[in-house]
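Open the model in your viewer and keep the selection panel handy. We will go from one stop to the next, with a note on what to pick and what you will find there.

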Amino acid sequence: MSASRKPPHILVFPYPAQGHTLPLLDLTHQLSLRNLTITIITTPKNLPTLSPLLSSHPQIHTLVLPLPPHPLLPAGVENVKELGNAGNLPIIGALSKLYDPIVQWFRSHPNPPVSLISDFFLGWTSRLANEINIPRFTFFSSGAFLTTVADHCWNYLETLKNSEVVNFVALPRSPSFQAEHLPSIFRLYKESDPDWEVVREGMLANTLSFGCIFNSCEALEGEYLDFLKKKMGHERVFGVGPLSLLGSDNSSRGNADSNSFTHVFDWLDECPDGSVVYICFGSQKLMSKAQMEAIALGLVKSTARFIWVVKMGTTEQVEDGYDVVPHGFEERVAGRGLIIRGWSPQVMLLSHRAVGGFLSHCGWNSVVEGIVNGVLILAWPMEADQFVNEKLLVDDLGVAVRICMGPDSVPDSDELGKVIGDSMNGVAYEEEKMRARSLKAKAVGAVREGGSSLKDLDELVKEMWKSLAKAEKE
């Protein structure tokens, strides 16, 4: 590339939910390091999330557009974290109304973008990309296995509507799922509802886009990445993860206030290697009173060391017992466990030598963060993509143990205590732990020089330069 030649200008459109936004910002950081000009589309209240990235990369610009109103969206709400999983439909619907403002901005720009990278929840941007005549790359913050399952569901909607069990015979390993374990955005679909039609059209458009980018890698999902290449009829399927490793300088994720967690790391430093289970169920799901009591009792019975992250609910939710630690629990386990209320530095905690297990809801970001640290995952999927991810971890990769299934299920405290105790005290699940350590080495290798993810990242950047060359000819 000529040093004097202007670099490709790329438009990046994240979806405003933490699990979607952070990996795409990690990818944006990497693209900026590779001399691409980037504009990120965001809304006013989501702009602070970009601050760490923007301060590290002055050449990254923003297109800040007001979020259009939506009847199901409370005034002032612009991020899914404020509404939970139910907020996806109105947020997608509201964002789709940015179509015209984006087209107007593009047509008035002196150096318009030559490619679009947008989240898979923003499939309507495929139509937008066609109108402004640039290629759209779908960014999947989730895995390739989920994409193959979800794509089949959306394409065979009528056939699957009344099925209790769905067999995916065309996919690698011919997986099978109970209907209630299919991706929730598919199960909630309502025919003829205008918002749901935006979702359906977008989901169908994702694997028809010019290319697909995954926060995954060959070692985790090689057979599913290959399957998608065959289905799409080209090689533009890029596994560039784990992006949390590529973004490890915290340029996009921000730095934890280390002073707030000094006592946690001091405590971990005193614990034996692999003896602590870390418990966290993501940024959206609140646990009921019965679930909190079962977890607490299970931890008491396990005699294992632990760190338990609990969310801060509203006053009304707290009154109903959601994410409230049972009275007297902390006194019963004093010295062998810690409670963190609110946000936790999850990546830093999972990377500590003392943490050997992760009781998780199996959201994709958590899955990947667990894998890159080689910890045993104790799986409790609840909604969204989590049952599909859990199947990959338990049945395909063999690095996880099934604990509980479903958003309202309550684990048996005796069984929960036994699994946690046996796994952390080194008397069970040694094969799963060994496979977890082996998978960690492969995942870390993917983002090192010569690794599959860095090769795919280089190929993706080449595609951006090809887009520029095409635009210049036109």
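Now widen the selection to strand S10 (residues 276-280) and strand S13 (residues 355-360), which run parallel and are joined by five bridges. Strands pair here if DSSP finds at least two bridges between them. Helices (H or I, at least four residues) and strands (E, at least two) are DSSP runs, numbered from the N terminus.

A word on the model before moving on: it is predicted, with local features needing pLDDT of at least 70 and side-chain atom pairs counting only at pLDDT 80 or more, while totals for chains, interfaces and linings use all residues. Residues are numbered from 1 along each chain as its sequence is written, and side-chain values use heavy atoms, with hydrogens and water left out.

**The six-stranded sheet**

Which strands stand on either side of S10 and S13? Select the whole open sheet of six strands and follow the order S12-S11-S10-S13-S14-S15, with parallel pairing. At its edges are strand S12 (337-341) and strand S15 (400-402), each of which pairs on one side only. From one strand to the next, the twist averages 20°. Axes are lines fitted to C-alpha atoms, for helices over the stretch in contact, and angles run from 0 to 180 degrees between N-to-C directions.

While you are here, pick Cys 362, in the loop between S13 and helix H17 (364-371). For background, most residues other than glycine have a negative phi, and most peptide bonds are trans.

**H13 against H19**

Select helix H13 (residues 289-302) and helix H19 (residues 413-424), which pack at an angle of about 50° with their axes 7 Å apart. That angle makes H13 oblique to H19; angles under 35 degrees count as roughly parallel, over 145 as roughly antiparallel, 65 to 115 as roughly perpendicular and the rest as oblique. The crossing of H13 and H19 is right-handed. A crossing is left-handed if the near helix is turned anticlockwise from the far one by less than a right angle, and right-handed if clockwise.

Show side chains for the residues that meet: from H13, Ala 294, Ile 295, Leu 297, Gly 298, Leu 299, Lys 301 and Ser 302, and from H19, Ser 413, Asp 414, Leu 416, Gly 417, Ile 420 and Gly 421. Contact means heavy atoms within 4.5 Å. By class, this contact of H13 with H19 has six nonpolar, five polar and two charged residues. Ala, Val, Leu, Ile, Met, Phe, Trp, Tyr, Cys and Pro count as nonpolar, Asp, Glu, Lys and Arg as charged, and the others, Gly among them, as polar.

**Across to the other domain**

Colour domain 1 (9-248 + 449-472) and domain 2 (259-443) separately; these bounds come from an automatic or database domain assignment. The C-alpha centres of domain 1 and domain 2 lie 28 Å apart, and 33 residues of domain 1 are in contact with 22 residues of domain 2.

**The seven-stranded sheet**

Now select the open sheet of seven strands, ordered S3-S2-S1-S4-S5-S8-S9 with parallel pairing. Strand S3 (60-64) and strand S9 (237-239) are the edge strands, each pairing on one side only.

Zoom in on strand S1 (residues 9-13) and strand S2 (residues 37-42), paired in the parallel sense over four bridges. Here Ile 10 stands opposite Ile 38 in S2. Bring in helix H2 (residues 47-56), which packs on the sheet, touches S2 and S3, and makes about 170° with the direction of S3.

**Last stops**

Select helix H6 (residues 144-155) and helix H10 (residues 218-232), whose axes come within 8 Å and cross at roughly 45°. H6 and H10 are therefore oblique to each other, and H6 passes H10 in a left-handed crossing.

Finish at Pro 242, in the loop between S9 and helix H11 (243-246). Is the peptide bond from Gly 241 to Pro 242 cis or trans? That bond is cis, with omega near -5°.
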